[in-house]
Amino acid sequence: MSFTKRLLCLAAATAASVPMVMGTAQADDWSGYDGIEKYTAHLAPVTVNKSQASGTTTVWLDGDTARVRVEVDEILADHPHAQHIHIGGRGECPTDYDAGLHNGKRALSTLDGLDAYGAVETSLTTEGDTSASSGLAVDRFPTAPGGTISYDRTFDLSQAAADAIRADNAVIVVHGIDYDGDGTYGDVLGASELDPNLPMEATNPAACGPLHMAD
Ligand SMILES: [Cu+2]
């Protein structure tokens, strides 16, 4: 049975057997059921990038199948936001001290934060491939209408990603900032070090949070 189907079955069973509990519990609180693990990340704004974007990520894990939900507010509207699970670093978000000078301005590029959060392992795309090779697939990432990302997708993780989540070494990073507040991705910080065809504003981290097992 698929992961999604199992969730639906669990919902039906729970609702039928203990309606009183279902009435007060969070609809998405599946932890503790049938081996499904739950991990959450509080996404904090990368303030050195003049970002105020914040939110939460929830990952439900069943084997290597994951349902990933990302909710972000106050991020640049109507622009694609690359979002990833990074692994292999310290399992932390960078601090302002990790920032560098880019086009003469103090900002945190994706590479500036690499030691803290590690490399891209999973691309949280809206459709298709979710590997690192889709890391900058700008046509398959959320575009944040109204400045809000509301993402929910179920797919199979790589073994490395699943292992890193369970080892407390996975970090969620949502990219794409508006450093100069002009409402678009421009060249204020120069070109992205990841893809010279993209402005650095398009790839710098906007919000970040380490995934931890939920209580
Ligand atoms: Cu990333």
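Student: Is R166 buried, exposed or something in between, and what is its relative accessible area?

Tutor: In this predicted model, R166 is partly exposed, with a relative accessible area of 36%.

Student: And what does R166 form a salt bridge with?

Tutor: R166 pairs with E37 in a salt bridge, where the closest N and O atoms are 3.0 Å apart. The two belong to distant parts of the chain, since R166 is in helix α4, residues 159–166, while E37 is in strand β1, residues 37–45, and 129 residues separate them.

Student: How many salt bridges does the count come to?

Tutor: The count comes to 4 salt bridges. One of them joins R69 and D152, with 3.0 Å between the closest N and O atoms. R69 lies in strand β3, residues 65–73, and D152 lies in strand β8, residues 149–156, so this pair ties together parts of the chain that are 83 residues apart in sequence.

Student: Is D152 buried, exposed or partly exposed?

Tutor: D152 counts as partly exposed, because its relative accessibility is 39%, and the cut-offs for that class run from 20% to 50%.

Student: What about R90, which partner does it have in a salt bridge?

Tutor: R90 forms a salt bridge with E92, and the closest N and O atoms of that pair are 3.2 Å apart. R90 counts as partly exposed at 48% relative accessibility, and E92 counts as partly exposed at 38%.

Student: Okay, now the metal: which residues coordinate the copper ion?

Tutor: The copper ion is coordinated by H84 through ND1, by H86 through NE2 and by H175 through NE2, at 1.9 to 2.0 Å. H84 is in strand β4, residues 83–88, and H175 is in strand β9, residues 170–175, so that pair ties together parts that are 91 residues apart in sequence.

Student: How are the donor residues of the copper ion spaced in sequence?

Tutor: Their spacing reads H-x1-H-x88-H.

Student: Are H84 and H175 buried or exposed?

Tutor: H84 is buried, with a relative accessible area of 3%, and H175 also counts as buried, at 2% relative accessibility. Both values fall in that class because buried means under 20%.

Student: Where does G146 lie?

Tutor: G146 lies in the loop between β7, residues 118–123, and β8, and it counts as exposed at 73% relative accessibility.

Student: Which residues does G146 touch, leaving out those up to four places away in sequence?

Tutor: With those left out, G146 touches A77 and D78. G146 and D78 are 68 residues apart along the chain, and their C-alpha atoms are separated by 7.2 Å.

Student: Last topic, the whole protein: how many helices and strands are there?

Tutor: The protein has 5 helices and 11 strands, and 47% of its 215 residues count as buried. Among its contacts between residues at least 6 apart in sequence, 69% join residues at least 24 apart.

Notes. Residues numbered from 1 in each chain as written. Predicted model: local features only at pLDDT ≥ 70, side-chain atom pairs only at ≥ 80, totals over all residues. Heavy atoms only, no water. Donors = N, O, S within 2.8 Å, 3.2 Å for Na, K, Ca; no water. Helix = DSSP H or I, 4+ residues; strand = E, 2+ residues; numbered from the N terminus. Buried < 20%, exposed > 50% of the residue type's maximum accessible area, 1.4 Å probe, protein only. Salt bridge = Lys/Arg side-chain N within 4 Å of Asp/Glu carboxyl O. Contact = heavy atoms within 4.5 Å.
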